[in-house]
Amino acid sequence: GVCDGGNADQDCAGVCFGESVVDECGECGGDGAAEGFDCAGNCTDSAICGSVALSFGAVTDQSAEILYSSNVALGGFQFTATGVELTDASSALDAQFNSGTGIVLGFSMSGDTLPAGDGVLATLSFAPTNDGSELSIGSVTVSSGDAVTLASSGPGSTATDGCYETD
């Protein structure tokens with residue numbers, strides 16, 4: 001049989017003497033997974049497709065959560081907080097801060113990471129003001145668990161409440 005009953009010379013598309021083959025994703029004549037992605041479209045190479053979006057979570061008169069949504073595990077971050085007087089910064093990535101410059105830095109010396117998906121990147125504490133203020137987060141750099149700088153967006157600015165306590 002040459003395509004006359006035995007079908008020995010058909011490709012995966014059923015074409016006699018055709019050239020179609022099954023790709024790595026199991027698709028006949030397919031192109032395979034795109035570079036940096038697996039067959040399901042998930043990012044497998046943070047240098048090609050890793051990204052993170054930051055946003056604000058709970059914001060009070062003395063604190064603000066910085067949330068993340070990422071398609072890869074996070075290994076570290078740095079940003080500058082302005083508009084408030086920082087008094088503390090905390091994160092599962094061992095955050096440090098400088099109240100004079102507003103720089104907040106987080107990474108783990110033991111190599112811990114924040115998992116891909118959604119979570120809290122950091123919680124900032126700051127001195128309350130009577131009238132509230134506008135907290136701005138800028139100069140953002142976030143890296144993956146394998147030390148690749150990720151494409152990032154947000155969180156921008158948010159209003160903080162005026163002081164909750166009255167004297």
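A disulfide is a pair of cysteine sulfur atoms within 2.5 Å.

**Entry 1: ground rules**

I am reading a predicted model, where local features need pLDDT of at least 70 and side-chain atom pairs count only at pLDDT 80 or more, while totals for chains, interfaces and linings use all residues. Residues are numbered from 1 along each chain as its sequence is written, and side-chain values use heavy atoms, with hydrogens and water left out.

**Entry 2: the disulfides**

How many disulfides does a search of the whole structure find? I found three.

I looked at Cys 43 and Cys 49 to begin with. Their sulfur atoms are 2.1 Å apart, and the link is right-handed, with 95° about the S-S bond. Are Cys 43 and Cys 49 buried or exposed? Both are buried, and here I note the scale: buried means under 20% relative accessible area, exposed over 50%, and partly exposed in between, using a 1.4 Å probe and protein chains only.

Next I turned to Cys 12 and Cys 28, whose sulfur atoms lie 2.0 Å apart. The torsion about their S-S bond is about 85°, so this disulfide is right-handed. The pair links distant parts of the chain, 16 residues apart, with Cys 12 and Cys 28 each in the segment before α1 (46-49). Cys 12 counts as partly exposed at 37% relative accessibility, and Cys 28 counts as partly exposed at 33%.

Then came Cys 25 and Cys 39, with sulfur atoms 2.0 Å apart. Which hand does the disulfide of Cys 25 and Cys 39 have? The torsion about the S-S bond is about -85°, so the disulfide is left-handed. Cys 25 and Cys 39 each lie in the segment before α1, so the pair ties together parts that are 14 residues apart in sequence. Cys 25 is partly exposed, at 31% relative accessible area, and Cys 39 is partly exposed too, at 45%.

I also checked Cys 163, which counts as partly exposed at 26% relative accessibility.

**Entry 3: the open sheet**

I traced an open sheet of five strands in the order β5-β6-β3-β8-β10, with antiparallel pairing. My rule for pairing is that DSSP finds at least two bridges between two strands. Which strands stand at the edges? They are β5 (95-97) and β10 (156-160), each with a single partner strand, so one side of each is left without a neighbour in the sheet. On average, neighbouring strands of this sheet are turned by 25° against each other, direction ignored; the axes are lines fitted to C-alpha atoms, for helices over the stretch in contact, and angles run from 0 to 180 degrees between N-to-C directions.

Inside the sheet I followed β3 (residues 74-82) and β8 (residues 133-144), which run antiparallel and are joined by seven bridges. Thr 82 has Ser 136 in β8 as its bridge partner.

**Entry 4: strand β2 and its partners**

A hairpin of three residues joins β1 to β2. Strand β1 (residues 51-59) pairs with β2 in the antiparallel sense over six bridges, and Leu 54 has Tyr 68 in β2 as its bridge partner. I also found β2 paired with β7, again antiparallel, over eight bridges. There, Ile 66 has Ala 122 in β7 as its bridge partner.

**Entry 5: around Met 109**

Met 109 sits in the loop between β6 (103-107) and β7 (117-126), and it counts as exposed at 73% relative accessibility. Its C-alpha atom is separated by 50 Å from that of Ser 20, 89 residues apart along the chain. Phe 107 belongs to strand β6 and is partly exposed, with a relative accessible area of 32%.

Note on methods: Helices (H or I, at least four residues) and strands (E, at least two) are DSSP runs, numbered from the N terminus.
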